[in-house]
Amino acid sequence: MKIEQLYTGCLAQGAYYIESQGEVAIIDPLRETQQYIDKANANNAKIKYVLETHFHADFVSGHVDLAEKTGATIVFGPGAQTAYNIHSATDGEELKLGELTIKVLHTPGHTLESVTYLLKDKDGKDYAIFSGDTLFLGDVGRPDLAIKSDLTERDLAGMLYDSLRNKIMPLADDVIVYPAHGAGSACGKNLSKETVGILGEQKKTNYALRADMTKDEFIEEVLHGIAPPPQYFAKNAMMNKMGYNAFDDILKTGNNPLSPEEFEALANHESALVLDVRTQADFIKGHIPNSIFIGLNGQFAPWVGALITDIKQPILLVVPEGKSEEAVTRLSRVGYDNTLGYLEGGLDSWKASGREIDTLESISAEEFEKRANASELNVLDVRRDGEYKSMHLENAQHFALDYINNQMNEIDKDKTYYIHCAGGYRSVIAASILKARGYHNLVDIAGGFGAIKKTGLPTTNFVCPSTL
């Protein structure tokens, strides 16, 4: 028996490779599927099943491509309806994989078709669960993503309670838990940074698995404090249901080098968005006017999904040398398949062609302190709600990056704004979006709130985020 977790930090997502006697199952694969095929080929094995725990909303799965390339059967839970061929498993159904057995446990709540795959070893002993978004380490999946006209989030939360009590908690304490996500995912509230756990430990420490918890208590606690889902979630879920263009075709079109002349022509005639994925330091020093910064070094794909509202938006890339394929791949993971190419030679070629560049003023926290002590400044804190409420500058206006597209009317184009986040990544994203919308009097505070706290500027008293 071979089990391998293939974890992707940007998405905080775990895919799984299971092999026994030359047969392979892939659980919740990423969009780029060649890695799974290569792994199976290296082991002289054949991919038999592509197992989906549910219709994912936070990324586009590679199940359709992988099945087409390998002939594997795509398996979803009961009631799943798709535009392509699948096996819709029944609750309790057992799938054979070499010497192993994979039992399908229908665990609705996160979504209606959600399943947990229970892996039994060659002796029939329960060995591990692949729990998808039903059970995380430290949390459970949010029950507000599959609401229909006759079904509320409270209904789904109640289903999730029953699934956990009736299907998961009766399993032995030594069963290994392999969840679909870890810390950083928007599919839950309080996910652990660990990516593999033991069920007995979760029974002791996970708030949602308290033995004495009533269904009403569970519903209240699991729904409390859930932020609205990012706008791309519903679009990704639909792509996972209806199918999508082949990843190889997306990569061929998007990983296309363009001269400054070609790049500018496409930007003008295709209404393409210029997306700069270099570091924030590089963007600050110089960038193409009206380009948007979302750096590859941060949580790139989720921020693209949250902030670029049209999933079919044509995109042109400004990338670090050798990073074009990575950028196109990571865009496709969240369904942004309309990349037209990248600027060959980067910003240097743009400048060499005599074309205009723009810059962003960025100052240290110490310089910000001097200016703030000399006069009253307009400060935008673009961190998330919980971060802001936990502790912030006394005079800062909360302007969460997550909702920037809905907040433009809250600030004045004629005023100068000093922008900060926690460490410096999100503030530059926010500044780039504002600059592209005509707000030009902007100053980034390098190092963010982490650096600001070390100055003498007054802040609110710290409140532990867990109590909010």
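Glu 221 is partly exposed, with a relative accessible area of 30%, where partly exposed denotes the range between buried (under 20% relative accessible area) and exposed (over 50%), computed with a 1.4 Å probe on protein chains only. The model is predicted, so that local features require pLDDT of at least 70 and side-chain atom pairs count only at pLDDT 80 or more, whereas totals for chains, interfaces and linings use all residues. Residues are numbered from 1 along each chain as its sequence is written, and side-chain values use heavy atoms, with hydrogens and water left out.

The side chain of Glu 221 forms a salt bridge with that of Arg 210 (3.0 Å, N to O), a salt bridge being a side-chain nitrogen of Lys or Arg within 4 Å of a carboxyl oxygen of Asp or Glu. Because Arg 210 lies in the loop between helix H4 (199–205) and H5, and Glu 221 in helix H5, the pair ties together parts that are 11 residues apart in sequence. Helices (H or I, at least four residues) are DSSP runs, numbered from the N terminus. Arg 210 is likewise partly exposed, at 30%. A network of salt bridges links Arg 210, Asp 212 and Glu 221.

In total, 27 salt bridges are present in the structure. Among them, Lys 215 pairs with Asp 162 through their side chains (3.0 Å, N to O). Lys 215 belongs to helix H5 (residues 215–223) and Asp 162 to helix H3 (residues 153–168), and the pair therefore ties together parts that are 53 residues apart in sequence. Lys 215 is partly exposed at 33% relative accessibility, and Asp 162 is partly exposed at 30%.

A salt bridge also joins the side chains of Arg 383 and Asp 381 (2.8 Å, N to O); both residues are buried.

Notes
Helix = DSSP H or I, 4+ residues; strand = E, 2+ residues; numbered from the N terminus.
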